[in-house]
Structures are given as C-alpha cells and as structure tokens.
Amino acid sequence: MPGSDGAGTVAAVGAGVTVVREGDNVVICPSLWWGPDDVHPSSRFEILGGPSHGTYAQFVRVPAENVFAKPEHLTYDEAAAFPLAGLTAWRALITKARIKPGERVFIPGAGSGVATFLVQIARLAGARVFVTSGSAHKLEAAQGLGAEGGVLYTESDWPERIRALSGGGVEVAVDSVGSASFEACLQLLTPGGRMVTFGATTGVDTHLEIRQFYRRQLSLLGTTMGSLKEFGELLAVIQAGGIRPVTDRTFPLAEAAAAHRRMEQYEHFGKIVLTVA
Ligand SMILES: NC(=O)c1ccc[n+]([C@@H]2O[C@H](COP(=O)([O-])OP(=O)(O)OC[C@H]3O[C@@H](n4cnc5c(N)ncnc54)[C@H](OP(=O)(O)O)[C@@H]3O)[C@@H](O)[C@H]2O)c1
C-alpha cells in the first residue's frame with residue numbers, strides 16, 4: 001500500500017503509549033526509525049509506504065514517535081500535504097545548505113511538491129530565489145510564493161537566462177530534477193557554492209567536470225527526508241504561520257490513478273491530496 005503522507009484522527013494506541021491519545025488530530029512524520037543521529041538515518045530507516053503499508057488507506061499503523069499534533073489552523077488537506085515534501089525541503093536548505101540571508105538560491109522545477117516548500121523556506125531564511133518551470137503560469141505562482149524571477153526550462157538557453165536574472169550565478173542550488181538540470185546547477189554556482197541533491201525526476205546520469213568542481217571550491221550535498229528533530233523544527237515554523245502548504249487538487253482515494261496521471265504529466269503546482277472517506 002503506497003502513501004507516505006497523512007493527517008487524521010487517532011483510532012487506537014498501543015499499550016504503554018502516552019504521547020498521543022485516541023481521538024487526537026494528528027499528522028504523520030514519514031521518516032520511520034531514523035534513530036538518534038541527525039547526520040544520517042539508522043540502518044533500520046524506512047519511508048512510510050515503502051515497503052511498509054502506507055496511507056492510501058482508511059487506517060495506518062505507525063510508531064507513536066512519528067505522530068505529531070496537527071497544526072490547528074491547517075485543513076486536513078493542507079496538513080496531509082506537508083510532511084514528506086516539507087521535511088525534505090527543510091533538511092535540504094536549513095541543515096545541509098545552511099542557507100544564509102541575502103544568498104541567491106536556484107530551484108529548478110518550481111511546480112514540484114517539494115519545490116513549493118523550498119521556495120517558501122528559502123524566502124523565510126532571507127534568501128533570493130530563482131526558479132525554472134515548464135509553464136508560465138507556474139512561474140507566476142512561484143513568484144507568488146516569493147521567487148524573485150523564473151525562466152521556462154523549455155527554452156534551451158535557460159541556464160544563461162538564470163545566470164543573467166541572478167546577476168552572475170547563485171550561492172546555492174537545490175536539485176531534484178536530475179539529468180536535465182544537474183550539470184547546469186553546478187555551473188550556475190558561484191565560487192564556494194553549495195549544491196544539494198535529493199531526486200532524479202528526469203534521470204540519474206550526468207557529466208561532472210572534476211577540475212572545475214575542485215578549483216571553484218564547490219560542495220555537493222546529498223540528502224534524503226529528515227529526522228524527527230527536523231520535523232519538529234518544520235512543524236514549529238508551520239505552526240507560527242511561516243510556511244503554508246500549497247495544495248493543487250484533491251481527489252477521492254478511488255480516483256488515485258487520475259491523481260497520479262496529473263502528477264506524471266506535470267499538470268500540478270504543489271501537492272495533490274487524496275481524501276479517504
Ligand atoms: N530523497 C528524498 O528524500 C526525496 C523526497 C521527496 C522527493 N524526492 C524526489 O524529488 C523529486 C521531486 O519530488 P516531488 O514530489 O516534488 O516531484 P513532483 O511533484 O512529481 O514534480 C516533478 C517536477 O519536475 C519538474 N521537471 C520535469 N522536467 C523538468 C526539467 N526538464 N527541468 C526542470 N524541472 C523539471 C516539473 O516541474 P514544473 O511542474 O515546474 O514544470 C515537475 O513538476 C522526485 O524525483 C522525487 O522522487 C526525493
């Protein structure tokens with residue numbers, strides 16, 4: 001059963017569980033068994049929904065430590081939309097890139113679920129954000145979230161355009177697009193720049209010019225998901241109103257296939273939500 005994200009009401013708790021009670025309104029952190037080390041997860045680490053049964057269901061069983069109070073000001077749709085994508089974006093920018101005020105950040109593929117969090121988190125940290133997208137209306141929507149400028153990745157000279165828009169390149173690039181953008185992200189970095197990578201939507205192969213990489217003092221940082229501590233940090237920022245999950249469309253669970261098709265065809269901006277009656 002797939003599904004890493006979920007928000008709902010606790011139906012039952014196991015023996016000895018005191019941190020959460022039946023009837024609580026909660027949201028799930030999908031990083032299972034991360035363990036005590038914030039640097040990397042334990043050997044038991046799993047993402048909810050793979051291989052364990054996930055949230056495409058009326059009931060899901062998770063460890064009590066992965067259950068957090070739902071921010072009251074969010075709807076259930078919004079609460080279900082932020083855990084995996086928000087956590088990944090938080091760790092990428094805050095823990096890994098250590099983003100600083102005034103830095104320029106490049107985020108390719110602004111319509112992606114994670115990107116809608118990256119843009120907001122970067123802005124919250126005081127950074128200047130530049131994006132690409134496959135459609136003009138998504139570039140506008142990204143600007144609505146705080147991006148300073150954007151370029152269509154369907155234009156072959158998009159890297160030069162991002163370089164010009166940003167005034168010569170960026171200190172940080174956060175890539176999950178993979179083959180179609182990885183090399184350009186590295187080239188857009190200013191000396192000493194950092195690139196964070198956590199996905200490969202368009203493929204896993206790339207070209208790396210090794211001398212350019214070390215002569216320009218670049219750093220490449222891999223990341224996946226995040227710890228329970230980082231989830232708590234993200235939750236506090238959402239609770240304080242610093243970030244609002246961007247929901248695209250809601251489908252009933254029975255129409256999950258149509259929801260997947262919408263995502264596969266890049267028709268969405270932000271997170272698609274499935275509701276379970
Ligand atoms: N390691 C982890 O912990 C982790 C966590 C979350 C996600 N991921 C991975 O990260 C990636 C993003 O996840 P997601 O859920 O945010 O994806 P998503 O919502 O499915 O979005 C994918 C996006 O890729 C963009 N894209 C496609 N072709 C592109 C190109 N040539 N240049 C630039 N952008 C392009 C599109 O952007 P537009 O809509 O703007 O055109 C599309 O919306 C996926 O590969 C996912 O598996 C990894």
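Mentor: Begin with burial: a residue is buried under 20% relative accessible area, exposed over 50% and partly exposed in between, with a 1.4 Å probe and protein chains only. Helices (H or I, at least four residues) and strands (E, at least two) are DSSP runs, numbered from the N terminus. This is a predicted model, in which local features need pLDDT of at least 70, side-chain atom pairs count only at pLDDT 80 or more, and totals for chains, interfaces and linings use all residues. Residues are numbered from 1 along each chain as its sequence is written, and side-chain values use heavy atoms, with hydrogens and water left out.

Trainee: Which residues are buried in helix α5?

Mentor: An α-helix has 3.6 residues a turn, so residues three or four places apart point the same way. In α5 (residues 158–166), the buried residues are Trp158, Pro159, Ile162 and Ser166. Viewed down the axis of α5, they fall within an arc of 100° (taken from the directions from the helix axis to the C-beta atoms), so they line one face of the helix. Just after α5, Gly167 has a positive phi of about 75°.

Trainee: In what order do the 3 strands of the open sheet stand?

Mentor: Strands of a sheet pair through backbone hydrogen bonds, either parallel or antiparallel. Here the order is β1-β2-β5, with antiparallel pairing; two strands pair if DSSP finds at least two bridges between them. β1 (7–9) and β5 (67–69) are at the edges, each with a single partner strand, so one side of each lacks a neighbour in the sheet. β1 is joined to β2 (residues 25–28) by 3 bridges, and Ala7 stands opposite Val27 in β2.
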